[in-house]
Amino acid sequence: MSQPRYRAAIVGAGAIAAVHAQALQHHADRVTVTAVVDVDPDLARHFAAKWNIPRVHTDLDSLDSVDLVHLCTPPATHAPLALKCLETGANVLVEKPPTLSLAELDTLADASRRTGAHVATVFQHRFGTGAHRLREMIAAGELGRPLLATCATQWYRDDDYYRVPWRGRWETEGGGPTMGHGIHQFDLLLSVLGPWERVSAVTATRARDVETEDVSMALVTFADGTLASVVNSVVSPRQTSTLRFDFEHATVELAHLYGYRDADWTITPVPGHEDLTARWNRTRSETVSGHIDQLAAVLDALDAGLAPPVSLPDTRTTMEFIAALYASAATGRPVRAGEIGPGHPFAATMNGAGR
């Protein structure tokens, strides 16, 4: 049996790290986990024992050379740790939000160009079979033009959730549900509908004792004229994650919570286009959208010598959308794509406070 081509390390041994370990284990024929890194040595040792990882470290400086780092630490650490990894030539797969600001993201982009190593963001919902099918049908013209879309992440996080010191603070989390919860849904929305052009938004802190918002709403105009609404919440007792796309020939909908199967999608064709239902249901999968499929795509790209999917230019589209949403809510006016450039207060921090 041939040895796996790539060596990986998991940095951060918290809850999400187990999801990464599971994905890496699924692809054990292609990549092997050589180390786990965490500032808490007991946590790192326990994690290593559970997932049969041979080496434990408490900092990146002692980490042996690897090809891919899975960055699973709190948000404020993402940029400095990713930068350190790039300087060693390691590629990085980073959890959301990838950085706290556009300025930090651009710093990583500069380092990536200089070192030749890549940073990709975990936006796993792009890689589910339903999303692939939807994009294929759009590209083939089967659904007609997109006209209208809605996107809602309505989750519930109680006061205990925000007792974790870094949560709910601009300096350490970068934002509220817009930044840390709804990002997966509207990233999928953006990946389907293409370039956005203008955002008008409001934010509010309705129930939680936090610095950031706990709800946000945005109206979005896309470059092709498609209109969309985006809702992000952590105060919604009946939790759901939903997307709806109204095309000329059909409505396509998704309703799930943290990961979708094909069964979570529905299609409603207009009269005369009933064949779209059969086309949509031609293949069915029970696979849940998640890290396993995205990691497969990352490894495929590395095999081909290409930047992995959702690398920094792709990620920037979504992060710029977040900055525009916050800027619009703060200023009370629409914000256009490209408006938040270097030196703009909302490029430095998502609350516009600068640094």
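Biologist: About how much space lies in the largest cavity?

Modeller: The largest cavity holds about 40 Å³ of space, in a predicted model whose local features need pLDDT of at least 70 and whose side-chain atom pairs need pLDDT 80 or more, whereas totals for chains, interfaces and linings use all residues. Residues are numbered from 1 along each chain as its sequence is written, and side-chain values use heavy atoms, without hydrogens or water. As a general idea, rolling a probe the size of a water molecule over the atoms shows where empty space is left. In practice, on a 1 Å grid over the protein atoms alone, a cavity is a set of points where a 1.4 Å probe fits but cannot get out, while a pocket is an open set with protein on both sides within 12 Å along at least five of seven lines, and lining residues have an atom within 4 Å of a point. Grid points are joined across faces, edges and corners, and the volume is the space filled by probe spheres set on the points. The structure holds 1 cavity of 30 Å³ or more.

Biologist: Which residues line the largest cavity, and which element supplies the largest share of that lining?

Modeller: The lining consists of His20, Ala23, His70, Leu93, Val122, His291, Gln294 and Leu295. Elements are read as DSSP runs numbered from the N terminus, with helices being H or I of at least four residues and strands being E of at least two. On that reading, α1 (15–26) and α10 (291–303) each supply at least two lining residues, and the largest share, 3 residues, comes from α10. By class, the lining has 4 nonpolar, 4 polar and no charged residues, where Ala, Val, Leu, Ile, Met, Phe, Trp, Tyr, Cys and Pro count as nonpolar, Asp, Glu, Lys and Arg as charged, and the others, Gly among them, as polar.

Biologist: What volume does the largest pocket have, and which residues lie nearest its centre?

Modeller: The largest pocket has a volume of about 1,200 Å³, and of the 46 residues that line it, Ala15, Ile16, Cys72, Glu95 and Lys96 lie nearest its centre. Two or more lining residues come from each of α1, α3 (78–87) and α10, with α1 giving the most, 5 residues. Its lining divides into 22 nonpolar, 16 polar and 8 charged residues. The second largest pocket has a volume of about 190 Å³ and is lined by 13 residues, among them Ala109, Ser112, Arg113, Leu312 and Pro313, which lie nearest its centre. Here α4 (102–115) gives the most to the lining, with 6 residues, and the classes are 6 nonpolar, 3 polar and 4 charged.

Biologist: Is asparagine 52 buried or exposed, and is valine 310 buried or exposed?

Modeller: Relative accessible area, taken with a 1.4 Å probe on protein chains only, decides this: under 20% is buried, over 50% is exposed, and in between is partly exposed. Asparagine 52 counts as exposed because its relative accessible area is 68%, whereas valine 310 counts as buried because its value is 1%.

Biologist: How many aromatic pairs are there?

Modeller: Rings of Phe, Tyr and Trp (its six-membered ring) pair if their centres lie within 6.5 Å, and planes under 30 degrees apart count as stacked, over 60 as edge-to-face and the rest as tilted. By this rule there are 9 aromatic pairs. One of them joins tyrosine 161 and tyrosine 162 edge-to-face, at 4.9 Å centre to centre with 85 degrees between the planes. Another edge-to-face pair is tryptophan 196 with phenylalanine 321, at 5.8 Å and 80 degrees. This second pair links distant parts of the chain, 125 residues apart, since tryptophan 196 is in strand β8 (residues 196–204) and phenylalanine 321 in helix α11 (residues 312–331). Both tryptophan 196 and phenylalanine 321 are buried, and together with Phe186 they form one aromatic cluster.
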